[in-house]
Amino acid sequence: MMKSVKWLRGIAAAAILFLAGPVFADDDNGFSEHQTKRAVDTFEAASAACATLDPVFRVDCLRQAYSQTVRVVANASVYWEAEVALTRVNRGLYAFVREHLDRSVARVRVNGGRIKAVTPASVPLAQQLYRDGVDRAVAAMRGASSLEVRYFEPISQALLATKSMMQ
């Protein structure tokens, strides 16, 4: 009895795989225009709110924009390289905010989060850190395979559009 149940389960699994095969397109590689658009829309919406803030708040605000975008791309494992590139920028900004936090300025609410201010004297350093981080992230995404670049390029463009925000 037990052998026949296992045997039937095996046949059922094989039949499901055989029948489900045609459902997946030959070019189904895990990437999707929808996933890329969600990542770009998330980043653009969050960074647009950051543009309205005083420069001392933009560093942490952009950090949160990256964090939100990482959560979107983390849902699809094929976006791993983009996730790593975005996470590196996020971590660099996080460390910078911790090191240059201006405790005399109250936090502000933006994008559902509480944004911290950095010291005014550290803003030029933040600008350079941000530009370098964006450049490295874009280089990593553009240096991926041609298939990945196709889906990462809109994300890269969104990142590049924010470089002037830290000027």
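Alanine 74 is partly exposed, with a relative accessible area of 39%. This residue belongs to a predicted model, and alanine 74 sits in the loop between α3 and α4 (80-99). The protein has 167 residues, of which 40% are buried. Its secondary structure consists of 6 helices and 2 strands.

**Overall layout**

- Read from the N terminus, the order of elements is α-α-α-α-β-β-α-α.
- Of the contacts between residues at least 6 apart in sequence, 70% join residues at least 24 apart.

**Helices α2 and α3**

- Helix α2 covers residues 33-51 and helix α3 covers residues 55-73.
- The axes of α2 and α3 lie 9 Å apart, and the two helices pack at an angle of about 165°.
- Angles over 145 degrees count as roughly antiparallel, so α2 is roughly antiparallel to α3.
- The crossing of this pair, α2 and α3, is right-handed.
- On the α2 side, the residues that meet α3 are Gln35, Arg38, Ala39, Thr42, Phe43, Ala46, Ser47, Cys50 and Ala51.
- On the α3 side, the partners are Arg58, Cys61, Leu62, Ala65, Tyr66, Gln68, Thr69, Val72 and Val73.
- Sorted by type, the residues of the contact of α2 with α3 are 11 nonpolar, 5 polar and 2 charged.

**The disulfide**

- The structure contains 1 disulfide.
- This bond is formed by cysteine 50 and cysteine 61, whose sulfur atoms are 2.0 Å apart.
- The link of cysteine 50 and cysteine 61 is left-handed, with -85° about the S-S bond.
- Cysteine 50 lies in α2 and cysteine 61 in α3, so the pair ties together parts that are 11 residues apart in sequence.
- Both cysteine 50 and cysteine 61 are buried.

- Glutamine 35 is placed in helix α2.
- Buried means under 20% relative accessible area, so glutamine 35, at 9% relative accessibility, counts as buried.
- Leaving aside neighbours within four places in sequence, glutamine 35 is in contact with Val72, Val73, Asn75, Ala76 and Tyr79.
- Alanine 74 and alanine 39 are 35 residues apart along the chain, and their C-alpha atoms are separated by 9.9 Å.

**Helices α5 and α6**

- Helix α5 (residues 123-142) packs against helix α6 (residues 146-161) at an angle of about 170°, and their axes are 9 Å apart.
- The two helices, α5 and α6, are therefore roughly antiparallel to each other.
- The crossing of α5 and α6 is left-handed, whereas that of α2 and α3 is right-handed.
- From α5, the contact involves Tyr130, Val134, Asp135, Ala137, Val138, Met141 and Arg142.
- From α6, the contact involves Val149, Phe152, Glu153, Ile155, Ser156, Gln157, Leu159 and Leu160.
- The residues of the contact of α5 with α6 comprise 10 nonpolar, 2 polar and 3 charged.

How values were computed: Residues are numbered from 1 along each chain as its sequence is written. This is a predicted model: local features need pLDDT of at least 70, side-chain atom pairs count only at pLDDT 80 or more; totals for chains, interfaces and linings use all residues. Side-chain values use heavy atoms; hydrogens and water are left out. Axes are lines fitted to C-alpha atoms, for helices over the stretch in contact, and angles run from 0 to 180 degrees between N-to-C directions. Helices (H or I, at least four residues) and strands (E, at least two) are DSSP runs, numbered from the N terminus. Angles under 35 degrees count as roughly parallel, over 145 as roughly antiparallel, 65 to 115 as roughly perpendicular and the rest as oblique. A crossing is left-handed if the near helix is turned anticlockwise from the far one by less than a right angle, and right-handed if clockwise. Contact means heavy atoms within 4.5 Å. Ala, Val, Leu, Ile, Met, Phe, Trp, Tyr, Cys and Pro count as nonpolar, Asp, Glu, Lys and Arg as charged, and the others, Gly among them, as polar. A disulfide is a pair of cysteine sulfur atoms within 2.5 Å. Buried means under 20% relative accessible area, exposed over 50%, partly exposed in between (1.4 Å probe, protein chains only).
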